[in-house]
Amino acid sequence: MKELLILSGKGGTGKTTVASSFIKLSNTKAYADCDVDAPNLHLVAGKKTEPKKEAYYGLPKAVIDQAKCIQCGKCMESCRFDSIMEKNGEFSVKKFGCEGCGVCEYVCPSGAITMQKSAAGDTMIYKDEDRVFSTAKLYMGSGTSGKLVTEVKKNMRENAADDVEIAVIDGSPGIGCPVIASLNGVDALLIVAEPSISGMSDMERIITTAARFRVKTAVCVNKFDTNIENTNKIEEFCKENNISLVGKIPYDTEAVKAINSGKTIVEVDCPSGNAVREVYKKVVDMLSEETEKVSKGKDYENVITL
């Protein structure tokens, strides 16, 4: 099973729109939404069954047993995260402040503090006879999003059928922990870039990050005609750094109508949908390539080119 990851570097570029279209075009039986902070692939990718839902436990949290606490205050003095508070002589732990380091448990002379597992989110697996969709939702204020992304990918792999050829993974915006966890172990990466100053900057950061994982990488530009000058800059950047530019998708009001009606843009006859079909064909060719070339660029050493 080949795994294709779709990233953007920033939110709002159309990453999920492209990912949902790829799912439709490939008719894949395995896909995942790794944007665990704000998953939305299910809105357009569809789900036929109720999910198998399980709590995800991240870092443990400190819990104070008031019956054993002697109100010495050592826990509050030692907590570098300022997550222990005192009110009327009683000490308690701030729910969203504790980072699970365990220092308070170590310094407590009465053994009143224990580290206990705490639910940080939910994993969800939608599975029917031949298809699996893995996703998750991180609770507000919870950390360890990277570990939850790893769990999402693990669930997809374990539940995918043996005959799955391509798995499509919708990643999260940015270049932080969830993106790094998404990159780990995938076969190819498609970056959906936006022709704006921030879009170009974030695209470059994603390329640099992906290079460290030696992931075969390509770029497509969404809404390219909203700024031709910046689109040309992206094209020139890709050429200079041996990154394959696999397509340019025009701004299309019909795409907005399709998404609002719960459809992918390749299910309607529109310019953006036609462009995505061409991008998809080139990405499939990328996945079938047997030889990877390594670019030794000045700033992007070890970028995998197509």
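Tutor: Start with Asp-82, which is exposed at a relative accessible area of 51%. The scale runs as follows: buried is under 20% relative accessible area, exposed is over 50%, and partly exposed lies in between (1.4 Å probe, protein chains only). The model is predicted, so local features need pLDDT of at least 70 and side-chain atom pairs pLDDT 80 or more, while totals for chains, interfaces and linings use all residues. Numbering starts from 1 along each chain as its sequence is written, and side-chain values use heavy atoms, without hydrogens or water.

Now the backbone. Asp-82 is not a glycine, yet its phi is positive, about 55°. Most residues other than glycine have a negative phi. Asp-82 sits in the loop between helix 3 (74-78) and strand 5 (84-87). Helices (H or I, at least four residues) and strands (E, at least two) are DSSP runs, numbered from the N terminus.

Next, Lys-223. Its phi is also positive, near 55°, and it is not a glycine either. Lys-223 is partly exposed, at 22% relative accessibility. Its loop joins strand 12 (216-222) to helix 8 (228-240).

Then the packing. The largest nonpolar core holds 40 residues, and Val-219 is among those with the most contacts inside it. Such a core is a set of buried Ala, Val, Leu, Ile, Met, Phe, Trp, Tyr and Cys residues joined through side-chain atoms within 4.5 Å. Helix 7 (residues 197-212) gives the largest share, five residues. Another core, of 32 residues, lies apart and includes Leu-4 and Tyr-280.
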